[in-house]
Amino acid sequence: MSSPSADAAAAPVSGDAVAIKNFAFSPATLKVKAGTTVTWTNQDTDAHTVTSAGKGGPLHSAALATHATYSYRFTKPGTYAYLCTIHPFMTATVEVTS
């Protein structure tokens with residue numbers, strides 16, 4: 001049986017901000033409406049990227065230093081998986097609805 005806090009952590013979160021901290025994207029799944037601009041902020045001392053998983057995705061940040069930000073406006077509904085190319089174990093998703 002899973003705890004309520006584990007279920008809440010796995011559920012998509014609404015908003016427009018993703019924190020990069022402790023070598024993870026938080027929230028791991030962000031749900032937004034089309035037209036929303038999402039901003040990632042690196043809170044780690046190591047550099048990280050925000051890069052679409054697979055070819056042809058829209059997310060391509062430079063390496064983000066501590067406190068640096070990257071923003072992208074999602075215009076089309078869909079599921080956008082992304083990762084940090086420096087630390088490929090860091091993965092997350094943005095779910096865009098119309």
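**From one bridge to the fold**

Lys31 has Glu95, in strand 9, as its bridge partner. This is a predicted model, in which local features need pLDDT of at least 70 and side-chain atom pairs count only at pLDDT 80 or more, while totals for chains, interfaces and linings use all residues. Residues are numbered from 1 along each chain as its sequence is written, and side-chain values use heavy atoms, with hydrogens and water left out.

Strand 4 and strand 9 run parallel and are joined by five bridges. Strands here are DSSP runs of E with at least two residues, numbered from the N terminus, and two of them pair if DSSP finds at least two bridges between them. In general, strands of a sheet pair through backbone hydrogen bonds, either parallel or antiparallel.

Next comes the core. A nonpolar core is a set of buried Ala, Val, Leu, Ile, Met, Phe, Trp, Tyr and Cys residues joined through side-chain atoms within 4.5 Å; buried means under 20% relative accessible area, exposed over 50%, and partly exposed in between, with a 1.4 Å probe and protein chains only. The largest such core has 19 residues, and those with the most contacts inside it are Phe25, Trp40, Val50, Phe74, Tyr82 and Val94. Two or more residues each come from strand 2 (17-21), strand 4 (29-33), strand 5 (36-42), strand 7 (69-74), strand 8 (78-83) and strand 9 (91-97). Strand 9 gives the largest share, three residues. Leaving aside neighbours within four places in sequence, Val94 is in contact (heavy atoms within 4.5 Å) with Leu30, Val32, Trp40, Phe74, Gly78, Thr79, Tyr80 and Tyr82.

The loops hold some backbone details. In the loop between strand 2 and strand 3 lies Asn22, whose phi is near 55°, a positive value in a residue other than glycine. Phe23 is found in the loop between strand 2 and strand 3, and its phi is near 55° too. Asn22 is exposed, with a relative accessible area of 66%, whereas Phe23 counts as partly exposed at 32%. Pro27 lies in the loop between strand 3 (24-26) and strand 4, and the peptide bond from Ser26 to Pro27 is cis, with omega near 5°.

Conventions. Helix = DSSP H or I, 4+ residues; strand = E, 2+ residues; numbered from the N terminus.
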